[in-house]
Amino acid sequence: MKIKTAEFVISNTNVTKCPKERLPEYAFIGRSNVGKSSLINMLMERKDLAKISGKPGKTQLINHFKINNEWFLVDLPGYGYAKVSKKKRAKFQSFIENYFREREQLVCTFVLVDSRHDPQKIDLEFMQFLGENRIPFGIVFTKADKLGSSKLNKQITSYKKKLLNYWESLPMTFITSSSSGFGRTEFLKFIEEVNEDVASDFK
Ligand code: GDP
């Protein structure tokens, strides 16, 4: 998929205020600092479409971007940042949960995880939440350039094996590096194919 246009539409904390336009929507979420802003910028070939987080936990908003006038990319707040107060975290969770429960045009969620790490409790809990709410998701391994290729393969194989302790089958997985652009073509091809698959539901 060639990215012709990528426009910021709106930021808010309320699913009822998200854009009304019926377009297939893809949400990006993960722990703070996982590389979400960098990945979005890399995919869109824009330097600062998503803000590279100076202060993790600061950008607690649902951010909609319209891509090629065909689909929405949604940048969701990073979760699991220790310095956000408990009260704020609870509020964050409820508006995020509302978003997932109510946003009908959401076709796929991408859960970002750092290629170097084993499955983290907070990510597993979040995937479980998605599963319970029947929200399709894929896992995006970020910062792949930080490991050499054999270590990377080993780590990802082990991650998948551990996931099978919780899931009967594995979700789609993508390996990416925002520094090198690795994984970009395959990732965008996936979105393009899903857009084609769901086109009749969005007429
Ligand atoms: P966010 O909080 O999830 O939006 O994460 P950011 O995109 O702000 O990235 C967090 C840090 O990781 C920044 O210092 C980035 O430069 C770095 N980073 C993000 N993606 C990559 C990557 O693919 N490779 C490397 N080497 N560093 C990355």
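Tutor: Phe110 counts as buried because its relative accessibility is 0%; buried means under 20% relative accessible area, exposed means over 50%, and partly exposed lies in between, with a 1.4 Å probe and protein chains only. The model is a predicted one, in which local features need pLDDT of at least 70 and side-chain atom pairs count only at pLDDT 80 or more, while totals for chains, interfaces and linings use all residues. Residues are numbered from 1 along each chain as its sequence is written, and side-chain values use heavy atoms, with hydrogens and water left out.

Phe110 sits in strand E5. Helices (H or I, at least four residues) and strands (E, at least two) are DSSP runs, numbered from the N terminus. Leaving aside residues up to four places away in sequence, Phe110 is in contact with Tyr26, Ala27, Phe28, Ile29, Gly138, Val140, Phe174, Phe187, Phe190 and Ile191. Contact here means heavy atoms within 4.5 Å. Between Phe110 and Phe137 the sequence separation is 27 residues, while their C-alpha atoms are 5.6 Å apart in space.

Met127 counts as buried because its relative accessibility is 0%. A contrasting case is the pair Met127 and Pro77: they are 50 residues apart along the chain, and their C-alpha atoms are separated by 16 Å.

Pro77 is in turn a contact of Lys36. Lys36 belongs to helix H1, which covers residues 36-44. A relative accessibility of 10% is why this lysine counts as buried. Besides Pro77, Lys36 touches Phe28, Ile29, Gly30, Asp75, Leu76, Gly78 and Leu112, with residues up to four places away in sequence left out.

Next come the charged pairs. The whole structure contains 9 salt bridges, a salt bridge being a side-chain nitrogen of Lys or Arg within 4 Å of a carboxyl oxygen of Asp or Glu. One of them joins Glu25 to Arg103, with 2.9 Å between the closest N and O atoms. This pair links distant parts of the chain, since its members are 78 residues apart: Glu25 is in strand E2 (residues 25-30), and Arg103 is in the loop between helix H2 (86-102) and strand E5 (106-114). Glu25 counts as buried because its relative accessibility is 0%. Arg103, at 8% relative accessibility, therefore counts as buried too.

Other salt bridges sit within a helix. Arg101 and Glu97 meet through their side chains at 3.2 Å, N to O. They are 4 residues apart in helix H2, so about one helical turn separates them. Arg101 is at 48% relative accessibility and so counts as partly exposed; Glu97, at 28%, also counts as partly exposed. In helix H3 (residues 121-132), Lys121 and Glu125 are likewise 4 residues apart, about one turn of the helix. Their side chains form a salt bridge at 3.3 Å, N to O. Lys121 counts as exposed because its relative accessibility is 64%, whereas Glu125, at 42%, counts as partly exposed.

The last topic is the backbone. Most residues other than glycine have a negative phi. Asn33 has a positive phi, near 80 degrees, and lies in the loop between E2 and H1. Its relative accessibility of 52% is why Asn33 counts as exposed. Glu45 is also not a glycine, yet its phi is positive, at about 55 degrees. Glu45 is in the loop between H1 and E3, and it counts as exposed because its relative accessibility is 56%.
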